[in-house]
Amino acid sequence: MLGTGSVTLVGGGPGDPGLVTVAGREAIERADVIVTDRLAPLAALAWAGSDAEIIDVAKIPGGRSTSQDEINQLLVEHAKSGRHVVRFKGGDNFVFGRGSEELLACLEAGVEARVIPGVTSAIAAPAMAGIPVTHRGLTQGFTVISGHVPPGHNDSTLDYAALAASGTTIVILMGVRTLSAICAALVEGGLDPETPAAVVADGTMPSQRVVRATVATIDVAAADLGAPAVAVIGPVAAIDGLQIGPDA
Ligand code: SAH
């Protein structure tokens, strides 16, 4: 017989606990078990009940890690034992967060699951640097890509020439190590080397750092910025909305 537990995938936003949604906070407050990881805003765990069990499955690059299968199993087993489980992740669980894999694992196991979307760093980190991902008259869309593997890698499925020609803002996540190769592929694909570019590290955090350059020079400008960081390429990257006051 199934227990009456459940799994709730909660998007924790980009780091500032103020950017967790009201629904996300309520789920944390009610949770019996919280399965969290590296980029989730840890300050939000203070909202958990005193009896809640907190399990950190941080995947530290090159270090300790829990496999996705183990995480799926953990969620399912706790829910089947009748507990309300929150899977707490940075940003939005469905943006490079493997949320759908976890959701499907729950459904396959007959575990009740729901999703509370989060504020994704793809939009929020640029916004906190005053960069809008769209701006009327400049761009009619934005494309969010993973820089986890560089252009030309066997696992890469992205068409950089198509991205270069898309006319959309290009937002790159997980691209600190591959930024140089990605920018080169975009220019090779026909993007104007003078196209504005920016990188925002630790977006929304007190330690936030921003650099601006062009697609031809951003890799050098951002070399020492560190992770996590979001890169933005397109005319909007030249906008500094933080400089625009109400009278501007
Ligand atoms: N699900 C997350 C993204 C997970 S992939 C989301 O929706 O935001 C991890 C990548 O997210 C990092 O490599 C980095 O590119 C980006 N990222 C997450 N938090 C960030 C932050 N506070 N500032 C800048 N980039 C961030």
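1. An N or O atom in the side chain of S121 lies 2.7 Å from an oxygen atom of the ligand, a polar contact being a pair of N or O atoms within 3.5 Å. This is a predicted model, in which local features need pLDDT of at least 70 and side-chain atom pairs count only at pLDDT 80 or more, while totals for chains, interfaces and linings use all residues. Residues are numbered from 1 along each chain as its sequence is written, and side-chain values use heavy atoms, with hydrogens and water left out.

2. The backbone also reaches the ligand: a polar backbone atom of A229 is 2.7 Å from an oxygen atom of the ligand, and a backbone N or O atom of V95 is 2.7 Å from a nitrogen atom of the ligand. The protein buries 90% of the 550 Å² that the ligand exposes when taken alone (accessible areas by the Shrake-Rupley method with a 1.4 Å probe).

3. Around the ligand there are 18 residues, of which P14, V95, T120, S121 and A229 come nearest; a residue is counted if one of its heavy atoms lies within 4 Å of the ligand. At least three residues of this shell come from each of domain 1 (6-116) and domain 2 (121-241), with bounds from an automatic or database domain assignment.

4. Two backbone features deserve a look. The peptide bond from A227 to P228 is cis, with omega near 0 degrees, and P228 is placed in the loop between α7 (218-221) and β10 (helices are DSSP runs of H or I with at least four residues, strands runs of E with at least two, numbered from the N terminus). M174, although not a glycine, has a positive phi of about 55 degrees.

Conventions: A polar contact is a pair of N or O atoms within 3.5 Å; within protein, one must be able to donate a hydrogen and the other to accept it, and residues adjacent in sequence count only if both atoms are side-chain atoms.
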